[in-house]
Amino acid sequence: MEGYDVWEAFLTTDLPWITYWLTMFLMPAGIGAGVICIAQMNSFELPARRKNMFRLLFISVIIYLFMHFLREVFQYFLWPSLTVILPIVTFIEFMASGLIVLFISLYLISTADPQKLKKPILAFFFIITGINTLLLIISQFNNMYYCFNYEYVDEYTLLYIYYVRGDCYFISNIAPAVMMLADIVIYIRYHKKFDRGVAIAFWIYIVLPIAAAVAQIFYSEAQFIIWATVIATVVMFIAMMKQTTKEYEKQKAEFTRLDTELTMATRIQADMLPNIFPAFPERKEFDIYASMDPAKEVGGDFYDFFMVDDDHLGMVMADVSGKGVPAALFMMSSKILLKNYALMTKDPKAALEKTNYQICQNNREGMFVTVWLGILDIRTGVLTAANAGHEQPALKDPDGSFELYKDKHGLMVGYMDMVKYKTYELTLKKGSKLFLYTDGVAEATNAKEELFGTERMIEALRRAENGTPDEILAEVRKSVDDFVQDAPQFDDLTMLCFEYKGTEVS
């Protein structure tokens, strides 16, 4: 091979034709790789939105390769029907190439997260894509971007079909070029949010297609642009997947930490409420049982009971506005204040007023809590109570059934300071039972958006009215569950049942 010049062979299109046929073999391989990537997408631990974006990106790559492959293959078939098919195939190919740029741009935007600029930037990219699509449609009718030449032997026999770029072919590259320039600006502005792998892949994605386009100007037979597009997209995809997976794992670790903290908060909140039963095994004058099931990990409902002194028992049922962690924090401070003032004053009215005043002094979030507070004289059975906007209690006399007791209501605690509350008295007889609850019981909702209601609650109470306090609560909870079934729990569900057994003297 003396005197053989490789560079001269390249210039005389020996090597460009090799690249052409190599590309023809590699395109099906690239399509197969894209299909495998899409099929394996479910194995990646990524947010659903990111998975869908990556799927669309690879679908665009597959369509781009497949349509280009079809166009090249169809040119070797001399079918008259190709005069219709080839322009459509080429149109789809051009559209897919633009979508590849768009989806990579969307990834860059989602990672950069430009906040207030996000919507205008997204609008810009979609407008550019829309203009590009419109021009592609127009070019179908005036051969602005491309056309196909058909040479016939006669009226019915085709001799040649070949693709020819139009005079305005360069315009088809303007929209992708503009989006890529915008990508460069976005990347430079927010480069700190991208890891090194994405940075390298990004510049490959920018530089390689440009270099291929320039090379293909001089060697039109070569298929450098196909190689560049596939290589750049695959490299970018791998880098994006790595960064996204890393971000997702970081978020997952953070969610795990938050979940652990919420679990601890749930335990702490549960430990703040009396939860050991029987609560006062040494006291034979009464029996008490309570439960609290939050709608979220932590809730705003709470109950409490405590010995004010040897002869008086305090009982509280309360419901904080809102749900979740804010309500739980407000609940804890409210519970402590109510108990402390009840122990200090031994008067429900005074305890509510002092608690209300204290909360209103520092309540910038405007939260409030409805409260029923009662103090029972265990010797006489006289119950002194006050209601700050809470649900009406249900009362059962020894010789009767459960009925709602229509007590006097005051304003919620925390609504405004200097509120005055009123007390009322009930005399519990031996065998009397008191049921306290939050609105999560009566307002439990089934899939048909129907409320459980106080009537169903009273019916459930009556079915178990001869049982112990824990049996009564179990029946009410079962009734609520049977009514709600699979519908989600929207509110905290808290109940307390008290049975007065009287003193040994009585």
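**Close-up views of a predicted model**

View 1. The side chains of arginine 379 and aspartate 311 form a salt bridge, with 3.9 Å from N to O. In this predicted model, arginine 379 sits in the loop between β6 (369-377) and β7 (382-388), and aspartate 311 in the loop between β4 (301-309) and β5 (312-320), so the pair ties together parts that are 68 residues apart in sequence. Aspartate 311 is partly exposed, its relative accessible area being 28%. How many salt bridges does the count come to? The count comes to 12 salt bridges.

View 2. Aspartate 481 and arginine 477 meet through their side chains in a salt bridge of 3.0 Å, N to O. These two residues are 4 residues apart in helix α13, so about one helical turn separates them. Aspartate 481 is partly exposed, with 37% relative accessible area, and arginine 477 is partly exposed at 22%. A network of salt bridges links Asp293, Arg477 and Asp481. Another salt bridge joins aspartate 482 and lysine 478, whose closest N and O atoms are 2.9 Å apart. Aspartate 482 and lysine 478 are likewise 4 residues apart in helix α13, about one helical turn. Aspartate 482 has a relative accessible area of 45% and is partly exposed; lysine 478, at 47% relative accessibility, also counts as partly exposed.

**View 3. The buried residues of helix α12.** Helix α12 spans residues 453-463, and its buried residues are Gly453, Met457, Ile458, Ala460 and Leu461. What covers these buried residues? The cover includes the strands β8 (394-396), β9 (403-404) and β11 (433-437). It also includes the helices α11 (439-442) and α13 (469-484). Helix α13 is thus part of this cover and also holds the pair aspartate 481 and arginine 477.

**View 4. The largest nonpolar core.** The largest nonpolar core has 51 residues, of which Phe302, Met315, Leu352, Val371, Leu496 and Phe498 touch the most other members. Helix α9 (residues 324-345) gives the most to this core, with 7 residues. Apart from it lies another core, of 37 residues, including Ile100, Leu106, Ala175 and Ala199. In soluble globular proteins, nonpolar side chains tend to be buried together.

**View 5. The surroundings of phenylalanine 302.** Leaving aside residues up to four places away in sequence, phenylalanine 302 touches Leu273, Val316, Met317, Ala318, Val320, Met331, Ser334, Lys335, Leu338, Val369 and Thr494. Phe302 is one of the residues that touch the most other members of the largest nonpolar core.

**View 6. A nonpolar patch on the surface.** Leu56, Ile59, Ile63, Val84, Ile85, Ile88 and Ile92 make up a nonpolar surface patch, with about 520 Å² of accessible area together. Helices α3 (48-74) and α4 (82-112) each supply at least two of the patch residues. Which helix gives the most to the patch? Helix α4 does, with 4 residues. Isoleucine 59 belongs to helix α3 and is partly exposed, with a relative accessible area of 35%.

View 7. Asparagine 149 is located in strand β1 (residues 146-152). Is asparagine 149 buried or partly exposed? Asparagine 149 is partly exposed, at 29% relative accessible area. The C-alpha atoms of asparagine 149 and threonine 83 are separated by 9.2 Å, while the two residues are 66 residues apart along the chain.

Conventions: Residues are numbered from 1 along each chain as its sequence is written. This is a predicted model: local features need pLDDT of at least 70, side-chain atom pairs count only at pLDDT 80 or more; totals for chains, interfaces and linings use all residues. Side-chain values use heavy atoms; hydrogens and water are left out. Patches are made of residues with over 30% relative accessible area and no salt bridge: like charges are joined within 9 Å, nonpolar side chains (Val, Leu, Ile, Met, Phe, Trp, Tyr) within 5 Å. Accessible areas come from the Shrake-Rupley method with a 1.4 Å probe; for residues, only the protein chains shown count as cover. A salt bridge is a side-chain nitrogen of Lys or Arg within 4 Å of a carboxyl oxygen of Asp or Glu. Buried means under 20% relative accessible area, exposed over 50%, partly exposed in between (1.4 Å probe, protein chains only). A nonpolar core is a set of buried Ala, Val, Leu, Ile, Met, Phe, Trp, Tyr and Cys residues joined through side-chain atoms within 4.5 Å. Contact means heavy atoms within 4.5 Å.
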